[in-house]
Amino acid sequence: MSPVPIPRTKREATEARGPYGRVGQIIGELDDRLGVAKGGRTFLDKIFPDHWSFMLGEIALYSFVVLIATGIFLTLYYEPSQTQLIYHGAYVPLRGQRVTAAYASTVDLSFSVRAGLLMRQMHHWAADVFLGSIVIHMARIFFTGAFRKPRELNWTIGMTLLVLSLSNGFIGYSLPDDLISGTGLRILFSIVLSIPFVGTYIAFFLFGGNYPGTIIIDRLYIIHVLILPAIIAGLIGAHLFLLVRQKHTQFPGGGRTEDNVIGSPMYPTFMAKTTGYLFMVTAAITLLGGLAQINPIWQFGQYQADKISYAVQPDWYMGWLDGALRIMPSWEFTAFGHTIPFVVLLPSVVFPGLIFTLCYAWPAIERRFTGDNEIHHLLDRPRDRPKRTAAGAAMIALMFVLLGASATDVLANFFQVSLNEVLWTFRILVLVVPPLVGIFVWRICIEMQGGGADIGKRKRAVLMSRSATGEYTTVPTAPQPDDEHDELEPIPVPVHIDLEPSGNGSDDSGVRTVTR
Amino acid sequence: MTDGTDHQPMPIDVANFDDPHLQVAAVDPERAERAIAVYFFIGMVGMGVFGAAYWQNWKPWTLGLSLGVGLFFIGFGLSAWGKYLMPQGPFTEARHALHSSLAERDAIAAALTERTGVVVRRRSMLLGLLGAGLGIFGIAGLGFPLLRSLGPLPGKALTKTNWRKGSLLVDGNGRAIHRDEIDPGGLVTVFPAGYENNDATLAIDQTVLIRAQTGPLVTEPGRATWAPDGYVAYSKLCTHAGCPVGLYEKELRLLVCPCHQSMFNIDNGAVPQFGPAPRPLPQLPLYIDESGFLRSQSGFDQPVGPGYFER
C-alpha cells in the first residue's frame, strides 16, 4: 500500500477519513500498525450461545472483578503486621486493649474509613459468591459433559482456579487476626504438622518458626494480594483464551450441530447483555455488603493463642473439610518412635487430595471407561449420561453431608440431642447418603430417558375437565401465537444490523452497497 | 485502508432489511424503550443518592442500598436493551476444526526429533553436564534460599515448654495463684511466671488449672501428688488439632474443645471421652509452696498438643 500523505487542511482530513469518519480513521491507523481489522471483525461477530446456564461462569468472572476492585481499596488501609499495640481507634469498647496492628487496622478501616465497612463486607461477600459460582459453574460443565475432548485442558485450568480460590479465600479471612480466623490458622498449623516426614519442617518454614510466630500474617498478606491473585488472573486469561479459541459448546436442537455455533453476536447484543450482567452481579454483591453483615470481627475480638470462642466455623467453602475433620475417628498410629496422626492426616490432607485428584482426572477416567476419544461440541443432557450424572450427584451429596457435619455442635444444641448421636448420625450418613443419592439419580435418569423425543419441548396447554360422575377429560386448546412457532434458520452475522436503511445506497432488494 | 484512490464501490455484506433476523426481539419496541429509559433513570437516581450518602457520610447501609440499586437498574436496563432492542437472530458462525493438516503435524514432529538428534543427542555429555548444573542450581540456588530461609528447623521447639521444676503458676496478668483463691469448680488459664505475656511461647505453655475438689485428686496411678488440694492442671492445647480446650462443663467434669468437640474427663487424667482427640491432655504435676502458692513439680512428661511425625 502506498504511503498516505498526512492531511494538511480540515477538508483533506475529512476526506482522508473515508465513509466511516473518525472510527474508520482510527481503525485504519490501528490496522496499519497492528493488523487488527480482519481479526477484529471476526471477534465482533463471535457467537455466544443463549442459555441461562452459560451465565454461571460470568458470575464468577464478575465477582472476581469486584474482588479485585474492593481488594485494592482494602490494601490502602489494612496493615499486615502482628506488631502489638494498645488500641486507641474509633471502636470504643476496644480502647485500651492489646491488639495487633492487623486487627486494629481492620477494625479501623471498618469504622473510620468512609465506605470502608461497605467495601470490606462487599469483599467478603464477593469471595463467597465467587467460590459459589465457580462450584455451580463446574457442576454445569460436569453434568453436560462440556469437559470432554477438546476441552480437558480448560477443565484442568478451572479445577486449578477452584483450588487456588479456596486457598485464597481461607487466607483472606485469616488476615484480620480475629479470634475465629486465628483459630483457623492454628488448625492449619496442626494439619501441616500431621504430614509424615516433612510436616514439621513445612509448618516451621511456613510460619517462620513454632506457632504462632511473628510473621505469618505478613506472609499470608503477600500471598493473598499478589501471588495468588496474579496466578488466578493469569489462569482466568488462559481460561477465556481457550474458550475463544475452541468456541462455545451448545445444546443440540434448533439447527445447532458440531460444525456451528448459534446464538447472539459479541457486538452489540452479547456485549450489552453481559455488561448489564456485570452491573447486576456487582449490584447483588453491593446490596449484600451494604445490608447483610458478614464477619463482624469486632465482636469476635483479637486473636490470642489461649483464647477461643464457641461455635467456631470456617466460611462455607471450607466447611466440608471441617466436617471431615470432626467425624474422623480418633486414630493415631505410633511405632518406631514416630507418630502418624491419621485423625488429622486422613480427613485434612489425604481426603481433599483424593477428591481434587478425582476431579482433575475425571475427563481421563471417563474417556477410559467410555472409550470415547471424539471431539464434542454438543452438550449432553444429564439424563442421557446416567452414570456420570449419578457420580456427580453422589459427589455433591458427599459435600453437603460433610458441610452439615461441620455444624455438629450447633445442630446438637438446636435440636437438644446429644453430640454423640449427632456425630454418629453423620458418620453413618457420610457413608450411606452418597451411594443412595447416586443410585436414586441414576434411576431418575433412566426413567426420564423413556420420556420420548418431545420431552423438554414446550407443550401446548390443555384444559382438563371433570364430569359429574368424576371422569376426567382433556381438551386441547387452540394454538397460541407463540406455540410451536417456526424457529428461524440461523444466518451469519451481517455487517449491517441497524434497522433503518441509511442514505448510503441501497438497491431494490435491500442489498446495501457502500460507495466511496 | 487509508488510500482513497483505489477504494472502489464494493458490496460489504448482503443484508436485507426485511430479514426477520434483524428485527428486534421486543413485540412492542416503543414500550421496551420507555421501560429501559425508566430503568436507567432509576439507576441515575440511585447513583445520585449514593453520591449524596457518601458526601454526607451517612450510615453504611445507605451506601450499599443506593449503590446497589443504582448498579442494578443500570445493569438491568443494559441487559434489557441487549435482549429486546437488538437484532434477535439467531446468528451462526462456522466451527472449523482446530487441528492442522497431517503434513503440518509431520513437519513439526520431524523438525523436533531430527533437530534434537543432530544437536542434542550427539552431545550427550554436554546435555548431562547442563542438566547437572541446572539441577544443582535448582537445589542450591533456588531450593535452599526459598525454603530454608523461611524459618528455623523444628528441633525441640515442639516438645519444649517453659514449665520447669518449681515454676510459679500465674494467670494472664502475672498474678500467682494462692491455694485458697479458687473455689471448687473454678478454672483459670495459667502460664509459668515470666512467660505470661510472651507471645512466642504462650501458645505452647498455656495450661488450664481447675479446682476439681477440696481434697487431693489422683487422676491416674502414679500421680498421687500431682493435684494437691484438688488443683489439677492440664495442657490447654487440644491433642487433636491444637485449639485451646476452652470450655469446662462443670457438672460433667469435662474439658471441651470448641473446634471439633473433643471432651476430656478431668478426673481420670483427661482421657478423651468423646470426639476426635487421640490422646489425653498431658497433666502438669503441681505442688503448693510454703507460702501457699501453686508451683509445678516439673515440666510436662510428654509433648503437648497435636500429633506429628517426630513426636
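**Entry 1: two helices in chain A**

I began with helix α6 (residues 116-143) of chain A and helix α15 (residues 386-405) of chain A, whose axes come within 10 Å and cross at roughly 160 degrees. This is a predicted model, so I keep that in mind throughout. An angle over 145 degrees counts as roughly antiparallel, and α6(A) and α15(A) are therefore roughly antiparallel to each other. I also looked up the handedness, and the crossing of α6(A) and α15(A) is right-handed.

Which residues make the contact? From α6(A) I noted A:Ala139, A:Phe142 and A:Phe143. On the α15(A) side I found A:Thr389, A:Gly392 and A:Ile396. Sorting the residues of this contact by class gave me 4 nonpolar, 2 polar and no charged.

**Entry 2: where chain B touches chain A**

Next I turned to the two chains. I found 83 residues of chain B in contact with 104 residues of chain A. Four elements of chain B give two or more residues to the side that touches chain A: α2 (60-84), β1 (91-94), α5 (202-205) and β9 (271-274). Which of them gives the most? My note says α2(B), with 17 residues. By class, I listed 51 nonpolar, 22 polar and 10 charged residues on the side of chain B that touches chain A.

**Entry 3: strands across the chains**

Last, I followed β1(B) over to the other chain. Strand β9 (residues 491-492) of chain A is joined to β1(B) by 2 bridges, and these strands run parallel. I wanted one pair to find on screen, and picked A:Pro492, whose bridge partner in β1(B) is B:Thr92.

Methods. Residues numbered from 1 in each chain as written. Chains lettered and ligands numbered in written order. Predicted model: local features only at pLDDT ≥ 70, side-chain atom pairs only at ≥ 80, totals over all residues. Axes fitted to C-alpha atoms, helices over the stretch in contact; angles between N-to-C directions. Parallel < 35°, antiparallel > 145°, perpendicular 65-115°, else oblique. Left-handed = near helix turned anticlockwise from the far one by under 90°. Contact = placed C-beta atoms within 7 Å. Nonpolar A, V, L, I, M, F, W, Y, C, P; charged D, E, K, R; others polar. Pairing = 2+ DSSP bridges.
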